[in-house]
Amino acid sequence: MDLYEEFERDVDSFIAATSTAALFIHAGVVGWNGKAIVIPGRSFTGKTTLVAEFLRAGATYYSDEFAVFDRNGYVHPFSRPLGGSP
């Protein structure tokens, strides 16, 4: 991991930990038939692989890092490239 990637990951983690406007869950997320599929899990447990398979099946990409929930329970995209590479 290069310095930029490490810095970006630290900033993302800080935002997730300190946000008062949204709840951040470490998870992959795809949209499917108007609903969100949230795949929570620790790093290196296959979230990115599962998200990629959903995308191959026609799902809409939201994130493979964080599920971002607003106060109404809606999930929002967390725009980062699949796999965390900038």
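Here are some friendly questions and answers about this predicted model.

Q: Why is aspartate 12 called buried?
A: Aspartate 12 has a relative accessibility of 7%. Buried means under 20%, so aspartate 12 counts as buried at its 7%.

Q: Where does aspartate 12 sit, and which residues is aspartate 12 in contact with beyond its sequence neighbours?
A: You will find aspartate 12 in helix α1, residues 3-18. Leaving aside neighbours within four places in sequence, aspartate 12 is in contact with Phe66, Phe78 and Arg80.

Q: What makes arginine 80 and aspartate 12 a salt bridge?
A: The closest N and O atoms of arginine 80 and aspartate 12 are 2.6 Å apart. The cut-off is a side-chain nitrogen of Lys or Arg within 4 Å of a carboxyl oxygen of Asp or Glu, so the pair qualifies. The pair links distant parts of the chain, with arginine 80 in the segment after β5 and aspartate 12 in helix α1, 68 residues apart. The two side chains also make a polar contact at 2.6 Å.

Q: How do you know that arginine 80 and glutamate 8 form a salt bridge?
A: Their side chains meet at 3.3 Å, N to O, and the limit is within 4 Å, so this pair is a salt bridge. Arginine 80 lies in the segment after β5 (75-76) and glutamate 8 in helix α1, so the pair ties together parts that are 72 residues apart in sequence.

Q: What makes arginine 56 and glutamate 53 a salt bridge, and where do they lie?
A: The N to O distance between their side chains is 2.7 Å, and the cut-off is within 4 Å, so they form a salt bridge. Being three residues apart in helix α2, the two are separated by about one helical turn. The structure holds three salt bridges.

Q: Why is arginine 56 called exposed but glutamate 53 partly exposed?
A: Arginine 56 has 61% relative accessibility, and exposed means over 50%, so arginine 56 counts as exposed. Glutamate 53, at 41%, is partly exposed. Elsewhere, salt bridges that share partners join Glu8, Asp12 and Arg80 into one network.

Q: Why does aspartate 64 have no salt bridge with lysine 47?
A: Lysine 47 is the nearest side chain of opposite charge, at 7.3 Å. A salt bridge needs a nitrogen and an oxygen within 4 Å, so the buried aspartate 64 has none.

Q: Where is aspartate 64, and what does the side chain of aspartate 64 make a polar contact with?
A: Aspartate 64 is in the loop between β3 (60-63) and β4 (66-69). Its side chain makes a polar contact with the side chain of threonine 48, at 2.6 Å.

Q: What makes asparagine 33 and phenylalanine 44 worth a look?
A: Asparagine 33 has a phi near 50°, a positive value in a residue other than glycine. Asparagine 33 is in the turn of the β1 and β2 hairpin, which has two residues between the strands. Phenylalanine 44 is not a glycine either, yet has a positive phi of about 65°; its place is in the loop between β2 and α2 (47-56).

Q: Why are asparagine 33 and phenylalanine 44 called exposed?
A: Asparagine 33 has 69% relative accessibility and phenylalanine 44 has 87%. Exposed means over 50%, so both count as exposed.

Q: Which residues make up the largest nonpolar core?
A: The five residues are Ala16, Phe24, Phe66, Val68 and Phe78. Leaving aside neighbours within four places in sequence, the contacts of valine 68 include Phe24 and Phe78.

Notes. Residues numbered from 1 in each chain as written. Predicted model: local features only at pLDDT ≥ 70, side-chain atom pairs only at ≥ 80, totals over all residues. Heavy atoms only, no water. Core = buried A, V, L, I, M, F, W, Y, C linked by side-chain atoms within 4.5 Å. Buried < 20%, exposed > 50% of the residue type's maximum accessible area, 1.4 Å probe, protein only. Contact = heavy atoms within 4.5 Å. Helix = DSSP H or I, 4+ residues; strand = E, 2+ residues; numbered from the N terminus. Lys, Arg positive; Asp, Glu negative; His and termini not counted. Polar contact = N/O pair within 3.5 Å; in protein donor to acceptor, adjacent residues only side chain to side chain. Pairing = 2+ DSSP bridges.
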